Amino acid sequence: MADGIPVTMPTPEIPAQLAGANTLALPCEASALLTFGDDDALLDALVWCEKAQLRPLVLGEGSNVVLPETLRRAVLRSADQSVTVLEDRADGVQLRVGAGKNWHALVTECLAAGWYGLENLALIPGSMGAAPVQNIGAYGVELATFVAAVHGVDLSCNARQTLTPEDCAFAYRHSVFKAALNGRFIISAVDLCLSRKPETNVTYAALGERLARLQQAPTPAAVYRAVVGLRRERLPDPATEPNAGSFFKNPVLTARQAAALKSEHQGLPVYPAGQDQAKVAAAWLIEACGFKGVQRGPVGVAEEHALVLVNHGGAQRDVLALAGEISAAVRDRFGCELEIEPVVYRGE
Ligand code: FAD
Ligand code: NAP
């Protein structure tokens with residue numbers, strides 16, 4: 001499965017139009033765009049950025065960013081789609097996956113190879129390199145479970161580094177790459193441990209119910225198909241309705257605050273989230289404030305899903321204005337703060 005890796009850094013694109021490179025289809029002109037194939041090319045690209053006096057910004061497939069109309073930075077993108085087997089044991093494999101590998105393609109290829117674990121994360125848009133940044137998760141499974149190491153370059157010293165899972169400080173939709181290493185570390189490859197045992201996780205109610213309805217045993221292939229089916233039904237496709245997935249995180253409250261809120265609003269879905277903490281469903285809060293399906297000029301809230309903002313020709317300011325309106329309404333009605341999930345970039 002190893003694909004070829006280009007070793008030289010191609011000529012930068014100056015400037016670069018990124019409207020087609022982010023799933024919200026926001027218009028964005030970046031000062032430059034450089035593609036790197038391996039760590040040497042990445043280091044070359046960083047030297048180029050220094051000479052051009054442009055701060056580097058690494059992007060994958062642009063499915064979790066809110067880009068400005070003008071971005072005075074050099075955007076770097078990995079072209080490394082390699083998948084290399086580092087260790088092959090009777091019970092599992094360890095893989096090294098290039099940052100530029102499309103996530104869903106990886107999940108599909110792993111399932112076909114009999115390397116299990118990633119099925120619940122099928123159809124999440126984006127690249128391998130971005131997956132550790134927010135510790136992608138869905139249907140009761142998180143990437144962190146499979147990560148053995150993260151390789152890349154630390155921009156504070158332009159040196160190669162390998163991080164352990166502990167270094168990555170993975171948490172719910174969070175990691176060190178959104179905290180101490182925010183904007184400071186470019187991931188070039190990720191090592192993943194997968195199992196050869198066809199065990200599955202169907203603890204997530206919607207998934208278990210779908211398999212039961214289809215009368216399917218919870219094999220990895222059945223879970224994969226169920227997740228793909230659920231996602232296609234529930235989520236607008238960025239190709240026709242440009243969006244960045246869930247625009248807000250589910251607020252995590254103290255168990256006491258969540259219980260108080262639930263006693264006032266009986267239908268509110270509340271889930272345990274670690275010791276003395278509980279997660280409340282942001283989509284429910286937004287829908288209860290009447291935003292599902294609303295339009296504000298060129299932007300709106302998806303008909304299918306209250307957590308998803310959709311863009312039809314607007315720019316960053318339009319999306320953020322609607323997000324601000326939603327947050328204010330949820331704060332006024334429920335006293336809950338909504339935090340934006342995608343990464344919002346300003347001009348520099
Ligand atoms: P980008 O959007 O390009 O980048 C996101 C952030 O990661 C940026 O800050 C960027 O600088 C950083 N980054 C990118 N590449 C690297 C790198 N190589 N090294 C260091 N930093 C990097 N997310 C979930 O967790 N679960 C879901 O179920 C889910 N569903 C989604 C559904 C839809 C329809 C959409 C549009 C999005 C969804 N997302 C979901 C969000 C998104 O798919 C993930 O966050 C994904 O990992 C982003 O990948 P990307 O390559 O597009 O990253
Ligand atoms: P859903 O089934 O309508 O559930 C709504 C929310 O309740 C989810 O956000 C989920 O939290 C939470 N939830 C449901 N069952 C749970 C359980 N058994 N334990 C803990 N939490 C539970 O969700 P959905 O919107 O259709 O999304 C399905 C899955 O895909 C979710 O895992 C969601 O995170 C993921 N997804 C993520 C994005 C994104 O951009 N981040 C976009 C689309 C879908 P969690 O979100 O913590 O799972």
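Mentor: By class, the shell around ligand 2 holds six nonpolar, four polar and five charged residues. Here Ala, Val, Leu, Ile, Met, Phe, Trp, Tyr, Cys and Pro count as nonpolar, Asp, Glu, Lys and Arg as charged, and the others, Gly among them, as polar. This is a predicted model, in which local features need pLDDT of at least 70, side-chain atom pairs count only at pLDDT 80 or more, and totals for chains, interfaces and linings use all residues. Residues are numbered from 1 along each chain as its sequence is written, chains are lettered from A and ligands numbered from 1 in the order in which they are written, and side-chain values use heavy atoms, with hydrogens and water left out.

Trainee: Which residues come nearest to ligand 2?

Mentor: A residue is near a molecule if one of its heavy atoms lies within 4 Å of it. There are 15 residues around ligand 2, and those that come nearest are Arg173, Arg234, Ser246, Lys279 and His305.

Trainee: How are helices H2 and H5 oriented to each other?

Mentor: Helices are DSSP runs of H or I with at least four residues, numbered from the N terminus. H2 (residues 103-113) and H5 pack with their axes 10 Å apart, at an angle of about 155°; axes are lines fitted to C-alpha atoms over the stretch in contact, and angles run from 0 to 180 degrees between N-to-C directions. Angles over 145 degrees count as roughly antiparallel. Therefore H2 and H5 are roughly antiparallel.

Trainee: What share of the accessible area of ligand 1 does the protein cover?

Mentor: A backbone N or O atom of glycine 137 lies 2.7 Å from a nitrogen atom of ligand 1, and one of isoleucine 187 lies 2.8 Å from a nitrogen atom of this ligand. Of the 980 Å² of accessible area that ligand 1 has on its own, the protein covers 93%.

Methods: Helix = DSSP H or I, 4+ residues; strand = E, 2+ residues; numbered from the N terminus. Parallel < 35°, antiparallel > 145°, perpendicular 65-115°, else oblique. Polar contact = N/O pair within 3.5 Å; in protein donor to acceptor, adjacent residues only side chain to side chain. Areas by Shrake-Rupley, 256 points an atom, 1.4 Å probe, with all protein chains shown as cover.
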